[in-house]
Amino acid sequence: MAKVVSKTDLVDQIAGKLKLPKTTTSGVVNTMIEVISKEVAKGNKVQLTGFGTFSSIKRAKRTGRNPQTGKPMTIPAKKTPKFSAGKTLKDAVAK
């Protein structure tokens, strides 16, 4: 089973590789997540060449079923985040 790598684990690994304090690294990681989130929420794409592209898509209103009762219900339209992996990431995973 695959290990779950948390944000704390990422901060530890990045801080170790770059020999930076964990507090500085944590601030950079948190700021990066915040900036990506804000840009995607505005409808912009964030492209990290080789890694992937973050964007948002609009889902249309559709009919679904209540899993408890089986009755039809309307699922409202909404915007949702999307991630498309880049070539470098796809190649790394495929190995």
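The following exercises, with worked solutions, concern a predicted model.

**Exercise 1.** Determine where Phe51 is found and whether Phe51 counts as buried, partly exposed or exposed.

*Solution.* 
Step 1. Phe51 belongs to the loop that runs between strand E1 (46-48) and strand E2 (52-59).
Step 2. The relative accessibility of Phe51 is 41%. Buried requires under 20% and exposed requires over 50%, so Phe51 counts as partly exposed.

**Exercise 2.** Identify the residues in contact with Phe51, leaving aside neighbours within four places in sequence.

*Solution.* 
Step 1. With those neighbours set aside, the contacts of Phe51 are Phe83, Ser84, Ala85, Gly86 and Leu89.

**Exercise 3.** Explain why the salt bridge between Lys22 and Asp12 ties together parts of the chain that are apart in sequence.

*Solution.* 
Step 1. The closest N and O atoms of Lys22 and Asp12 are 3.4 Å apart, and the cut-off for a salt bridge is 4 Å.
Step 2. Lys22 lies in helix H2 (residues 22-41) and Asp12 in helix H1 (residues 7-18), so the pair joins parts ten residues apart in sequence.
Step 3. Asp12 counts as partly exposed, at 32% relative accessibility.

**Exercise 4.** Describe the salt bridges of Glu34 with Lys38 and of Lys42 with Glu39.

*Solution.* 
Step 1. Glu34 and Lys38 form a salt bridge at 3.2 Å, N to O. Both lie in helix H2, four residues apart, about one turn of the helix.
Step 2. Lys42 and Glu39 form a salt bridge at 3.2 Å, N to O.
Step 3. Lys42 is exposed, at 58% relative accessible area, whereas Glu39 counts as partly exposed at 25% relative accessibility.

Technical notes:
Residues numbered from 1 in each chain as written. Predicted model: local features only at pLDDT ≥ 70, side-chain atom pairs only at ≥ 80, totals over all residues. Heavy atoms only, no water. Helix = DSSP H or I, 4+ residues; strand = E, 2+ residues; numbered from the N terminus. Buried < 20%, exposed > 50% of the residue type's maximum accessible area, 1.4 Å probe, protein only. Contact = heavy atoms within 4.5 Å. Salt bridge = Lys/Arg side-chain N within 4 Å of Asp/Glu carboxyl O.
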